[in-house]
Amino acid sequence: MLITFSCENYKSFRDQVTFSMIASKERQHGSRLCRLEKYQTRILPIATIFGGNASGKTNFFKALSFAKSFIVRGTQPEGRIPVDPFRLDTGVSERPVCFRFELFIDNRMYEFGFAVNTKEVLEEKLVEISSSSEKVLYHRHDGQPHFDRSLAKDDFLKFAFQGTRENQLFLTNSISQKVEVFRPVYNWFKDSL
């Protein structure tokens, strides 16, 4: 289940924009909301996006489509990452394009995010969120992986990371290398987004 989606510096979105399925504190129609008791959160069962012409609706869906394609299919070796940064401000166009998702999968909450330019993945992070804490499963930054203690002893994870190209997400490569620990997140993008 998608909880939030944010993107920044993508097409017409210069600054970070966030789509959220978290319900407000309003009590009317509360019985119709999905309750995540463990997280003390209520989720909307449905949402709509509306706005005038050229207000960003299409680019919002293009951002979701790009993220899904990049996560599920990846890129070719030596291939360009097909991102389209905001072009009307030259200072912003040099910054990375950023995407972040909060997901609820199999009674667990995850945050997955990445920052890219047309050549490489600059940062990537997968966090498992419990009701009282956050566990960074892995954080890729400056070309290096940092794994949670529970995963750091797994030499195969380190081996899989070494085979991850600069223009590829570790999440994508880890699944192709048969690393099953991240599969629920990957499968959500493949089957539910």
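1. Gln 40 is exposed, with a relative accessible area of 75%. Here exposed means over 50% relative accessible area, buried under 20%, and partly exposed in between (1.4 Å probe, protein chains only). Gln 40 sits in the loop between strand E3 (34-36) and strand E4 (41-43). Helices (H or I, at least four residues) and strands (E, at least two) are DSSP runs, numbered from the N terminus. The phi of Gln 40 is near 50°, a positive value in a residue other than glycine.

2. A word on the source. This is a predicted model, in which local features need pLDDT of at least 70 and side-chain atom pairs count only at pLDDT 80 or more, while totals for chains, interfaces and linings use all residues. Residues are numbered from 1 along each chain as its sequence is written, and side-chain values use heavy atoms, with hydrogens and water left out.

3. Asn 107 also has a positive phi, near 65°, and is not a glycine. Most residues other than glycine have a negative phi. Asn 107 lies in the loop between strand E5 (97-105) and strand E6 (108-116). Asn 107 is exposed, at 56% relative accessible area.

4. Now the whole chain. The protein chain has six helices and nine strands. Its C-alpha atoms fill a box of roughly 50 × 45 × 25 Å along the principal axes.

5. Of the 193 residues, 41% count as buried. The chain exposes about 11400 Å², and carbon and sulfur atoms supply 48% of that area. Accessible areas come from the Shrake-Rupley method with a 1.4 Å probe; for residues, only the protein chains shown count as cover. Among contacts between residues at least 6 apart in sequence, 50% join residues at least 24 apart. Contact means heavy atoms within 4.5 Å.

6. Which residues touch the most other members of the largest nonpolar core? They are Phe 5, Phe 99, Phe 101, Phe 112, Phe 114 and Phe 182, in a core of 52 residues. Helix H1 (residues 57-72) gives the most to this core, with seven residues. A nonpolar core is a set of buried Ala, Val, Leu, Ile, Met, Phe, Trp, Tyr and Cys residues joined through side-chain atoms within 4.5 Å. Beyond four places in sequence, Phe 99 touches residues including Phe 5, Cys 7, Tyr 10, Phe 66, Phe 112 and Phe 114.

7. The whole structure holds zero disulfides. Cys 7 is in none; the nearest cysteine sulfur, that of Cys 98, is 9.6 Å away. Cys 98 is likewise in no disulfide. A disulfide is a pair of cysteine sulfur atoms within 2.5 Å. Cys 7 is buried, at 0% relative accessibility, whereas Cys 98 is partly exposed, at 23%.

8. Is Asn 9 buried or exposed? Asn 9 counts as buried because its relative accessibility is 0%. Asn 9 is found in the loop between strand E1 (2-8) and strand E2 (17-20). A polar atom of the Asn 9 side chain lies 3.3 Å from the backbone oxygen of Pro 96. Leaving aside neighbours within four places in sequence, the contacts of Asn 9 include Arg 14, Asp 84, Phe 86, Arg 95 and Pro 96.

Key
A polar contact is a pair of N or O atoms within 3.5 Å; within protein, one must be able to donate a hydrogen and the other to accept it, and residues adjacent in sequence count only if both atoms are side-chain atoms.
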